[in-house]
Amino acid sequence: MAHTTNYAIIFAAPESGLEVLEVARSLGRTTLDVGTLCGDSDVVRNGVVVDAGGKINKWAKHKPVRLPDKTDSLSDADLAGVDYGFDTGAGAGISERGGAAALASLMSAIISNGGASWNYLPPRGMNHPVQGRHEWFRLLDFDGYNRNAKPPFRVASHGTVIDEPVNGYLDSVIRATADVEIDITRMKAFVAPDAESGQMNLACVVRNAGADRIFILDNPDPFSDSDEVFIPINLRDGANYCQFIYTDIDPAEVDASGVIDVEAGEDYNFIALPDCYQVFTVSAIMGAVLMNAGWAIGGNEYFFKVQLQPDGYVGAITPKVAYTNATGEDVYVQAHASFRFREEVVLQSDSVGATAYVDPEDNLIELPSVPAGDFVGGSDFDMSELADLEVKLWWTWGTKSRYFNFATGQVVASDPGYMTISRFFTTQN
C-alpha cells in the first residue's frame, strides 16, 4: 500500500499498484466498487442513499476524468487535454468571448450558479457512449490523488453583509494558494484564443443593479512579488456581485468608472477564476437620496430632495422652487413632508417655512433643509423594509397647497395620498 498519513495522498506502489481500499479510505467511502468510486456516485439501497458520492476533490490533479478508449495511466498532457475534468463547454459558466455583451452573459451565469461553475465531470462508464466510445473507469486515475488540493486562487469570503456606511471604495483581496496542483492556464479556455488576443490581465467584474463594471489590474502577473492582490471595488447600496477574471480586453476600452466602451472590440476573452466570487450586501446607506425629483407646472419648476442618514432617520429635506415670473419681492413658502410605514404608522413629519427673496436674476427660492431633529415622532426603521416606506411631499404658499403626485410626476391641487418610494431609490455618488 502507498499512501500518506490518513490517506491524504494516495499513489501506486511499484510492487502492489493502487488498491481499491486506499481509494475508498481517501474519499471517506465504504463502497469498494471501482465504478462507483471513479464515477463519484451514490450507493442506494431500497431507495435510501447509504454511501453518498460527490467526495472527489475536483482541485486534485490526479482524479478520474472522461477520457474514452484509454486504459493505461494518464500523462499531464492527457489531463490538460480534457481540462483536468472540468466542464468548459458552451454555457459552462467559466468563459465567454466577445465584448460587453459576452461579459454580461458570463456574469449572469456566474450569479445564477453562485460563482463561476468550474463543475467537475467524472466518467460515466460503459452506459454513456460518446461517439461510439466509452468513458472507462480507471482506478489508476487516482494515482497521486490529493484530497487536500486547493483551487489556484481564493478570496477572503464569499458573502459579506456590510452594515456600516460605505463611502468610496472597498478593497477586495485575491490570494494565490498553496497546495495547488492544477495549472489552469493550460486549459482550453486559456490557450484556445487565437493570435488576436493580447496580454491576459487580472480584473474584477462588479455587477450592481444589473450593470457590469470591470476594474483591470494592468500587471499581467499580479502574484510575482506577493501572494495576494488588493483590488478596490466601488460598492453601492444593495447586492454587489464580484467575480475575479483573467481577460485580454484592452484597458483603453474601459473608462475610469469600469464601463466598457460601446465601440469596443468583440473578440476579447473573459475567463472567470475559480473560488473567486464574492457578494457584498450593503445594508447601510450613506448619503442615500430617496427622492430627488423635479417637476414643472404653470411655467415654474419645483424640486424636493429627501435624504436618509445611515441610522435610518431622514437627514435633510431640501425644497426649491424656480419662478419664471420673478418680481424681486419676498415670498413666504412652506414645504411639507411626511413619512409612514404601510397604512398605520407615521414615522416622522414636519414642515419648514421661510420668507425668501425671489431673485429676478436666477428666479430661485431655496428653503432651509429640514434637519432630522425637527421631525415629530422621529423613529428608527429597518433599512431592509425600505420598500414599505411611504412619503408625501407638498408645498404651501399663500392659501394654496400643491402636492407632488408620484404616479404622474406632476404637482396637483388635491392630495393624492402617500406613495411608496422604493422605485425612486437612487444612490448619491
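This report walks through a predicted model of one protein chain, from its overall make-up to single residues.

## Ground rules

Residues are numbered from 1 along each chain as its sequence is written, and side-chain values use heavy atoms, with hydrogens and water left out. Because the model is predicted, local features need pLDDT of at least 70 and side-chain atom pairs count only at pLDDT 80 or more, while totals for chains, interfaces and linings use all residues.

## The whole chain

The protein chain has 5 helices and 24 strands. Both are DSSP runs, numbered from the N terminus: helices are H or I with at least four residues, strands are E with at least two. The chain holds 429 residues, and 44% of them are buried. Buried means under 20% relative accessible area, exposed means over 50%, and partly exposed lies in between, with a 1.4 Å probe and protein chains only.

A contact means heavy atoms within 4.5 Å. Take the contacts in the chain with a separation of 6 or more: residues 24 or more positions apart account for 67% of them. The chain exposes about 20300 Å². Carbon and sulfur atoms supply 48% of that area. Accessible areas come from the Shrake-Rupley method with a 1.4 Å probe; for residues, only the protein chains shown count as cover.

## Helices α1 and α2

Helix α1 spans residues 20–27. Its buried residues are Glu22, Val23, Ala24, Ser26 and Leu27. Helix α2 is part of what covers them. Just after α1, Gly28 takes a positive phi of about 70°.

Helix α2 covers residues 34–38, and Thr36 sits in it. Thr36 is buried, at 14% relative accessible area. Beyond its neighbours within four places in sequence, Thr36 contacts Arg29, Thr31, Ser41, Asp42 and Val43.

Val43 also touches Val50, as does Arg45, again setting aside residues up to four places away in sequence. Val50 belongs to strand β2. Val50 counts as partly exposed, with 42% relative accessibility. Val50 and Thr30 are 20 residues apart in sequence, yet their C-alpha atoms are 9.0 Å apart in space.

## Around Lys61

Lys61 lies in the loop between β2 (48–51) and α3 (76–81). Is Lys61 buried or exposed? Lys61 counts as buried because its relative accessible area is 15%, which is under the 20% limit.

Which residues does Lys61 touch, not counting those up to four places away in sequence? They are Asp76, Leu79, Tyr84, Glu181 and Ile182. With Asp76 there is also a polar contact of 3.1 Å between the side chains. A polar contact is a pair of N or O atoms within 3.5 Å; within protein, one must be able to donate a hydrogen and the other to accept it, and residues adjacent in sequence count only if both atoms are side-chain atoms. Asp183 is 122 residues from Lys61 in sequence, but the two are 8.9 Å apart in space, C-alpha to C-alpha.

Most residues other than glycine have a negative phi.

| Residue | Phi | Place | Relative accessible area |

Strand β12 runs over residues 238–247. 7 of its 10 residues are buried, so the strand is largely enclosed by the rest of the structure. Two strands pair if DSSP finds at least two bridges between them.

Strand β9 (residues 201–208) pairs with β12 in the antiparallel sense over 7 bridges. Here Val205 has Gln243 of β12 as its bridge partner. Strand β13 (residues 268–282) also runs antiparallel to β12, joined by 9 bridges. In that pairing, Ile245 stands opposite Ala272 in β13.

## Cysteines

How many disulfides does the structure hold? The count is 0. A disulfide is a pair of cysteine sulfur atoms within 2.5 Å. Cys204 is in no disulfide: the nearest cysteine sulfur, that of Cys242, is 5.0 Å away. Cys204 is buried, at 0% relative accessibility. Cys38 is buried too, with a relative accessibility of 0%.
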